[in-house]
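Please keep the sequence and the structure at hand while reading.

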Amino acid sequence: MLGRLLHGLGAFSVRFRWVVILIWVVLAVAMTLVVGRVGAVTSNDLALPGTDSQAAYDLLAERFSPQENGSSPIVFHVASGSLADGGPNQQAITDTYDELAGLPDVFSVTNPFANEAAGLVSDDGRYAVMPVLLTIDSANLDEATAQEVYRIGTERGRAAGMEVAVGGPVGATLSVQGTESSEVIGLIAAMVILAFTFGSLVAMGLPILTAVFGLTIGLAVVGLFGHVISIASIAPTLATMIGLGVGIDYSLFLISRHRQQMRRDGMDPRASIAEAVATSGGAIVFAGGTVMVALLALAVAGIPFVTSLGYACAIAVLTAVLAAITLLPAVLAVLGGAVDRVRLPSRRGPERPPSEPSVWTRGAEIATRHPRRSCLIAAAILVPLMIPVATLALGQEDVGVTSPDTTERQAFDLLSDGFGPGYNGPLVVAVTLDPPAHASDAYQSQYDEAMALKADLEEQQAALTAAADELTAEQEVLEAEAAELARQRDALVRQAEELARRAADLRRQEARIRAEAGALARQAERLRGRAALLQAASARLTARASTLTAEIASLQAEEAELRAAIASAAGNPLAEAALQRALSRVDALLAAATAALAVAERELAANARRAAVLTRQTQTAVARAAQVTAQAATVQAAAATLERQEAALRRQVAALEREAASLNARGAALQAQADELEAQKQAAEAEQDQALALQDELTAEMTKAGGDERGTDPRIVRLQDALAAPANVERVVQPTINDAGDAVILSVIAGTRPADPATAALVEELRDAVIPPATGPGMTVSVGGTTAGNVDLAALITKRLPFVILAVVIISFLLLVVAFRSILVAVQAAITNILSAVASFGVLTLVFQDGYGLDLIGLDAPYGTVPIASYVPLMMFAALFGLSMDYEVFFVSHVQALHARGVPHAAAVREGLAASAKVIGAAALIMMAVFGSFILVDDPVIKQFGVGLTTAVALAALLVLFQAPAILLLFGERTWTLPRPLDRILPDLDLEGARRAAPAVDD
C-alpha cells in the first residue's frame, strides 16, 4: 500500500523532474523572501500554565504591566575610586540615564544615585546598576532596538573609562550566538563521510543539496510559525541540528538503494529512482513520521515552551522527508547514470568479485555468531555509561557559564562581583490583597505623635531662636567692644614696650658714652705722664750735651797744646813719640765725645718731636672727652623723656584693663544667660531626640515600605519580614504597590546564583514553609520571576517526564508493530532506544553535572560544573527515540524484506545487517558529525544537545548494528508472528515493497 503510493510519487518526480525542482527552488526563494520581509519571530517567554510562577507573571501583566517583560540591568564598574563621588563617572552615568529616559521603547529607567535605599550602588561605590524596563517583551524585541539601548547605555560609561555591560532581555538578544560556522563544519564533515561512502563527488553532493533545501524551507516555516505561536529562541538551532542530520541521512538511504539497484540489479536509472522511493522511501517516510510523532509527543508534557521545540524540530524533519522523496528523485532523474561521476581516485580500483564476502558481510557474521555474547558486550559498554544517571538533576540555564565575550555574561559577572550572585535572578513575590493595602494604625499613631512633637518643637525653637538671637547680638556688641579695648591695649602695650626698648637703648648708649669719656680722660692723663717723662729725659740730655760740649772744648785745647808740643819736640824722637801717643789718645777721646754729643742732640730732637705729638694727643683727648660728656648728657635727657612717656602709656594700659574687667563682668552676666538658654536647649534637644527617634522609626518603616505609606500595612510587613528570614535570603527589596492598592510586588534576592540548587531550594522553602504562615485572609501569594519559572519548569518536566517517555515509547511501539507486523521487533526497538537514551543521559551527567571534560568541549565553567537544562533530557529522549528509529527501520526493513522473500530468519538477519550496516554506519557518522559540530557553539545548552545527541546517535547505531541483530536472533521465527486478532486488523504497509510488483516508469 505505502510502497505503491511512494512508487507513484517517485515516478511523478522522475517524469516531471524539472517542475519538481522548480517548485522547490521557487518555494525556497519565496519562503526566504517572506521571512526576510516579516521576520522570524522567536521568544524566551516561559509560559507554564497552572504553576505558581505563571500566576505571578499573569498578575504582573494584569496590574503592573509592563513589569512582566523583565528589566535589563546596565551595570557600571570602575576599578578604583567611587562612582558616587560626584565626579565625571557619576556625571556620565547620569547623562546615560537622561538619554535612555527619552527613548520611545523605554517604559522606565532608574537613576542608581536617586534613591540610596534602592541599593543600586554597591557598598564600596565601585559598582552601579541602572535597571531599564522596556514597553516591549522579548518576543517583539528586535536586535535594532536592543542595539540602540546597548549603545546609549554603554557609550558614555566606556568613554569615561568604566567597564559597562547590559543584561536582561537586551543582553540576551545581543548575546545570541550564530551557529553558521558549526553548520559549515558539520556539512564539511558530512561531505567527507559521504565522499568516502559513495566514492563519487557527485553522489556526495546530492544529500547535502537536498538537506539544505529542506532545512531552508523548514526554518522559514518555523520562523513564520513564530508569528502565530510562541517559538522558543533555541528552537531554530535544534531544528537545524536535527533537520540537517536527518535530511542528509534520508538522502543517503535513498541514494544508497538507488546505486545498489543500478549496480547489483542492472536497473534503468529512472526505474531505479522510482523503485528506491518505493522501498527506501517507505523506510524514510516511516522513520521520519516516527521522529515527528516522537517530537510532537512532547505536547503531552503540557509545557508550551517544550511543545514549541517539538513543533519546530518536527517541521524540519517533515521538510527533510519531503525533500528526500520528491526533490532528490527529481535531481537523480536529471543526473541519470551520472550519479557516480567524478569518482575518488582511491576508489577506482577493481570491483570485488561477487563470490568474495564484503567486509560488512564478515562483520555481520561476527556480530550474529554468538547473539548472547553480543548482548553481554553491549551491556558491558552501556552499564558504566548508565550509572551516572542515578544522580541526574534537572537544573536551569546558567548565564554564568555562557561565553565571557557576551554582554549578558559580562553583566552577570559584574552583578555577582558588585552586589552578589542572587541579583542576577530576583525571585518575584506577587501578592493580591483584599481589602486593598492601607497605612497601619500603629504607623498612623506614630505619624500623629511625630506631627505634634514637631509643632511643639517648632514653637520652642522659635522662642529659643529669638532669645538666642538677642543674646547673640549683645554678645557680638560686647565682643566688639572687648576686641576694640584689646586692640587699643595691645597697641599701647606695644608703644610702651617700644619706648622702654628705646629708653633702654639710650641708657646703654649713655653708659657707653660715659665709659668712653672716662677712657679719654684716662688717656689724657697717660699722655700727660708721658710728656713729663719726655721733659725729664730732655733735661738730662741737655745737661749731658753741655758736659760733652765742655769736654770737647777741653780736649780740643789739649790737642792744640800737644800739636804745639810735637812741633817743639821735633828732632826728639822719644819725646815726639810720647807726644804723638798722647795726641792719639786725645783725638780718640775727642771723637768719642763728639759722637756722644751728636747722639744726645739727635735724642733731644726726637724727644722734642714726641713731646709735640703727645701735646697734640693730649689736647685731642681732652677735647673729645668734653664732647662725649656733652653727648652723654643729651642721651640721658632723651632717655628720661622716653621713660616719662612709657610711664604715661602704662597708666593708659591700666585704665584699659580696668575697662576690660568691666566688660568681663558684663560677659559673665551674658554667659549666665547663655547657660540658661543652653539648659533650655538641652531640654529641647531631649524632645528633639525623641522626635528624631520617632522620625527614624517612621523613616525605617517608610523605607521598608518603599516610600509608600500603604506599605506599612501589617499584612505586607508580616510577609516582608517572613521573606527575609531564610538563611539564603540576601535582601528583600521594598514593595511596589499598584495604584488600586490590591496588588503588591516584593523582590527577594537570594545569596546564591539563579542556577545554584540552593536557589531552587529557597524557592521551595518560600512556597512551602515561609509564605503560608505569613499569609492572612484576603491574600494570595505567588513566587515568580525567571528563576522561579525555571524551577517550575524543572518540576513540571520531572513530574511529566514519565508520561512523555511512556507516550513516546507506546506510540513508537505501535508504529513499529504496524510497520513490521511484529510485536517482538517493536519490543527490541524499544529496548534498544531506551538503553541508548539512558546511556547518553549518563554521559551528559558525567560531562556537565559532574564536570568531567568541560575543558575539552571549550566550556568556561567558573563553578566547575554546569547545570543540565531541565528540558534537554526530555527533548533528547524524544529526538533520540525518533532518530534511532531511522537505523532501526532501515535495518529491520531489510530483514523483513528478505524474510518475506523466503530467506530463513537467521540468514535474513545476517544479510539484512550486511546490506544495511555500511549505510547505517555512514548515516550515524554523518549525524554525529552534524550534532558534534554544534559542540563548538559557546552556548552551554547547545553544547549539551551536541554532546548528548552525538553520544546517543553513536550508541543507537552501535546497538542497532550489534545488539538488535542479536536480540532478533534470540527471538527467532517468533519475531514475525502476530496474534490473530492483530493480524486481521493491522494494515500491511510493506515498507520495502517486497510484495509489490513494480510498474514501468515513463520518461
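A salt bridge is counted here when a side-chain nitrogen of Lys or Arg is within 4 Å of a carboxyl oxygen of Asp or Glu. The model is predicted, and a search of the whole structure finds 20 salt bridges. Side chains of opposite charge can pair when their charged atoms come close.

Two of the pairs lie within helices. E155 and R151 both belong to helix α5 (residues 143–159), where they are 4 residues apart, about one turn of the helix. Their closest N and O atoms are 3.2 Å apart. E155 is partly exposed, with a relative accessible area of 44%, and R151 is also partly exposed, at 32%.

Helix α15 (residues 441–568) holds E559 and R563, again 4 residues apart, about one turn of the helix. The N to O distance in this salt bridge is 3.0 Å. Buried means under 20% relative accessible area. E559 has a relative accessible area of 15% and is therefore buried, whereas R563, at 45%, is partly exposed.

Another salt bridge joins D124 and R126, with 3.3 Å between the closest N and O atoms. D124 has a relative accessible area of 38% and counts as partly exposed; R126 is partly exposed as well, at 24%. Salt bridges can also be linked: E498, R501, D505 and R508 form a network of them.

Next comes helix α3 (residues 52–63). At 1.5 Å a residue, its 12 residues should span 16 Å, and the end C-alpha atoms are 17 Å apart, which agrees. Within α3, the residues S53, Q54, A56, L59 and L60 are buried. Their cover includes the strands β6 (427–433), β9 (743–750) and β10 (779–784), together with the helices α18 (757–774) and α19 (786–820).

Between β9 and α18 runs a loop that contains T752. T752 is buried, with a relative accessible area of 17%. What does the side chain of T752 make a polar contact with? The partner is the side chain of N728, at 3.1 Å. Apart from neighbours within four places in sequence, T752 is in contact with P421, G422, N728, A758 and T759.

V184, I188, M191, V192 and F196 make a nonpolar patch of about 440 Å². One of these residues, V192, is found in helix α7 (residues 180–198). V192 is partly exposed, with a relative accessible area of 42%.

Terms used. Residues are numbered from 1 along each chain as its sequence is written. This is a predicted model: local features need pLDDT of at least 70, side-chain atom pairs count only at pLDDT 80 or more; totals for chains, interfaces and linings use all residues. Side-chain values use heavy atoms; hydrogens and water are left out. Patches are made of residues with over 30% relative accessible area and no salt bridge: like charges are joined within 9 Å, nonpolar side chains (Val, Leu, Ile, Met, Phe, Trp, Tyr) within 5 Å. Accessible areas come from the Shrake-Rupley method with a 1.4 Å probe; for residues, only the protein chains shown count as cover. Buried means under 20% relative accessible area, exposed over 50%, partly exposed in between (1.4 Å probe, protein chains only). The expected span of a helix is 1.5 Å times one less than its number of residues. Contact means heavy atoms within 4.5 Å. A polar contact is a pair of N or O atoms within 3.5 Å; within protein, one must be able to donate a hydrogen and the other to accept it, and residues adjacent in sequence count only if both atoms are side-chain atoms.
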